[in-house]
Amino acid sequence: MAKRVTGPEIEKLIQLLAKVPGLGPRSARRAALHLIKKRDQLMGPLSGAMQDAYDKVKICSTCGNVDTADPCTICTDPTRDQSLVIVVEDVGDLWALERAAALNAAYHVLGGTLSPLDGIGPDDLTIAALVDRVKAGEVKELIIAVNATVEGQATAHFITDQLEGMDIKVTRLAHGVPVGGELDYLDEGTLVAALRSRTSL
């Protein structure tokens, strides 16, 4: 058994860092050591920023985004087209779409996907709140931007069923060949999706 080489405070720091996605035990040790070496320039300000985030972060009651205000910055932005709502699984997906800056739309974060095997049903997601937003009348189009997984597809179909009979356009993200992708390296499922989602030139 390996001997402990640091005090319990540093060990706790390493253990907590190791729980961050993308950081394993080895990366966590490196990150902890870097923070300790840069205590004044990095660890102090980081500690303060984390405390501020802990105290001030809220979940937006309209869309489910995380921000320090409720409603969030996106929901209160007057330049956004609030009639166009992009439905995503998680806040990370929202941030990814914002980085792409393709549409100046509003969002709705589901909080996951339907997964009966994991005990996640419609009541565990924000599907009812999404339906209420549509019923309010301002939303004209929903873009369902969930992952192309079995759970994602099931969630998309469930949402579409819930909106049946309502005066709203429901669209999906196209699936298929990525920009810069080579056909020879793609799996069969991606190729089939690309062929079915083909568009005119």
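At 6% relative accessibility, Ser115 counts as buried, a word that here means under 20% relative accessible area, with exposed meaning over 50% and partly exposed lying in between (1.4 Å probe, protein chains only). The model that holds this residue is predicted, so that local features need pLDDT of at least 70 and side-chain atom pairs count only at pLDDT 80 or more, while totals for chains, interfaces and linings use all residues. Residues are numbered from 1 along each chain as its sequence is written, and side-chain values use heavy atoms, with hydrogens and water left out.

Ser115 sits in the loop between β4 (105–109) and α5 (127–135), where helices (H or I, at least four residues) and strands (E, at least two) are DSSP runs numbered from the N terminus. Once its neighbours within four places in sequence are set aside, Ser115 is in contact with Ile120 and Glu151, contact being heavy atoms within 4.5 Å.

In soluble globular proteins, nonpolar side chains tend to be buried together. The largest nonpolar core has 18 residues, and among those with the most contacts inside it are Val87, Leu110, Ile127 and Ile159; such a core is a set of buried Ala, Val, Leu, Ile, Met, Phe, Trp, Tyr and Cys residues joined through side-chain atoms within 4.5 Å. Two or more residues come from each of β3, α5, β5 (141–144) and α6 (150–162), and the largest share, four residues, is given by α5. Ile159, leaving aside its neighbours within four places in sequence, is in contact with Val87, Leu110, Ile127, Leu130 and Ile144. A second, separate core of 15 residues includes Cys60, Cys72, Ile74 and Ile143.

Side chains of opposite charge can pair when their charged atoms come close. A search of the whole structure finds two salt bridges, each being a side-chain nitrogen of Lys or Arg within 4 Å of a carboxyl oxygen of Asp or Glu. Asp77 pairs with Arg80, the closest N and O atoms being 3.6 Å apart, and Arg80 also pairs with Glu98, with the closest N and O atoms 2.7 Å apart. Because Arg80 lies in the loop between β2 (66–67) and β3 (81–88) and Glu98 in helix α4 (residues 91–100), this second pair ties together parts that are 18 residues apart in sequence. Asp77, Arg80 and Glu98 are thus linked in a network of salt bridges, in which Arg80 is buried at 12% relative accessible area, whereas Asp77 is partly exposed at 24% and Glu98 is partly exposed at 25%.
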